[in-house]
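Please read this briefing beside the sequence and the 3D view.

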Amino acid sequence: TRCNHTQNKVETTGFATFNSIVAEDCTCSFLHSCLIPISPVTLTWDELMLPENGQRYGYDAEAITDQSVGYCAFEGCGTLISISMPDSVTVMDTGVFNNCTNLTTVKLSGNITKIHDRMFMSCTSLNNITIPDNVVSIGESAFINCSQLKNIQVGEKVCFIGRDAFKTTGYYNDSANWENNVLYIGNHLIEAKDTLTGSYVIKNG
């Protein structure tokens, strides 16, 4: 923790847990405000809907109900490390978990039918995802920049995968997953490189 005289605030680096700050921590007479990061946590679904938890951990609790998760509800929530979604949820909007950089594990509702655009964009700690069987489409940039995401399971009902949905994921970046300049997840065609020439027969899927 250090005192920044020029900006009149205390700055901290990384995540930390604080019970209190005493006078000896900062002798700056110009201090006007103090922002302290909170340690990453795991909350139950009911706890996630509490406004006080939303304010404390940095997400929009008012956008979360038993049936839906609204636009960018958890965007930039660095304290969130895992989430288990009940099957009562049927709708998830755009960018719900965008830039949740400490999110490592997610269990999605089995009753959602669409992964919207940018839903998990830049979740750089996410390492695996199972797309529920009822999902039929995956939006643009849904998992882009999820650099640790190497294990991806996509249900058979998916019939549309948007542009850059899995670009620069750990799976995408692993050259062993490319077959003759073509990338699949299961039988789902993800991308073909510009260097692909001649005729090519796409897998059934």
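The side chains of Lys167 and Asp164 form a salt bridge, with 3.9 Å from N to O; a salt bridge is a side-chain nitrogen of Lys or Arg within 4 Å of a carboxyl oxygen of Asp or Glu. The model is predicted, so local features need pLDDT of at least 70 and side-chain atom pairs count only at pLDDT 80 or more, while totals for chains, interfaces and linings use all residues. Residues are numbered from 1 along each chain as its sequence is written, and side-chain values use heavy atoms, with hydrogens and water left out.

**Salt bridges**

- The structure holds two salt bridges.
- Lys167 is partly exposed at 30% relative accessible area, and Asp164 is partly exposed at 25%; buried means under 20%, exposed over 50%, and partly exposed in between (1.4 Å probe, protein chains only).
- In the other salt bridge, the side chains of Lys203 and Glu179 meet at 3.4 Å, N to O.
- Lys203 lies in the segment after strand 15 and Glu179 in strand 13, so this pair ties together parts 24 residues apart in sequence. Helices (H or I, at least four residues) and strands (E, at least two) are DSSP runs, numbered from the N terminus.
- Side chains of opposite charge can pair when their charged atoms come close.

**Nonpolar core**

- The largest nonpolar core has 49 residues, and Phe120 is among those with the most contacts inside it. Such a core is a set of buried Ala, Val, Leu, Ile, Met, Phe, Trp, Tyr and Cys residues joined through side-chain atoms within 4.5 Å.
- Helix 1 (45-48), helix 3 (170-173) and strand 14 (182-185) each supply at least two residues of this core.
- Leaving out residues up to four places away in sequence, Phe120 touches residues including Phe97, Leu126 and Phe143; contact means heavy atoms within 4.5 Å.

**Positive phi angles**

- Most residues other than glycine have a negative phi.
- Ser141 has a positive phi, near 55 degrees, and sits in the loop between strand 10 (137-138) and strand 11 (151-153). Ser141 is buried, at 15% relative accessibility.
- Asn180 also has a positive phi, near 50 degrees, but is exposed, at 66%.

**Surface patch**

- Leu189, Tyr200 and Ile202 make a nonpolar surface patch of about 250 Å². Patches are made of residues with over 30% relative accessible area and no salt bridge: like charges are joined within 9 Å, nonpolar side chains (Val, Leu, Ile, Met, Phe, Trp, Tyr) within 5 Å. Accessible areas come from the Shrake-Rupley method with a 1.4 Å probe; for residues, only the protein chains shown count as cover.
- Tyr200 is partly exposed, at 33% relative accessibility.
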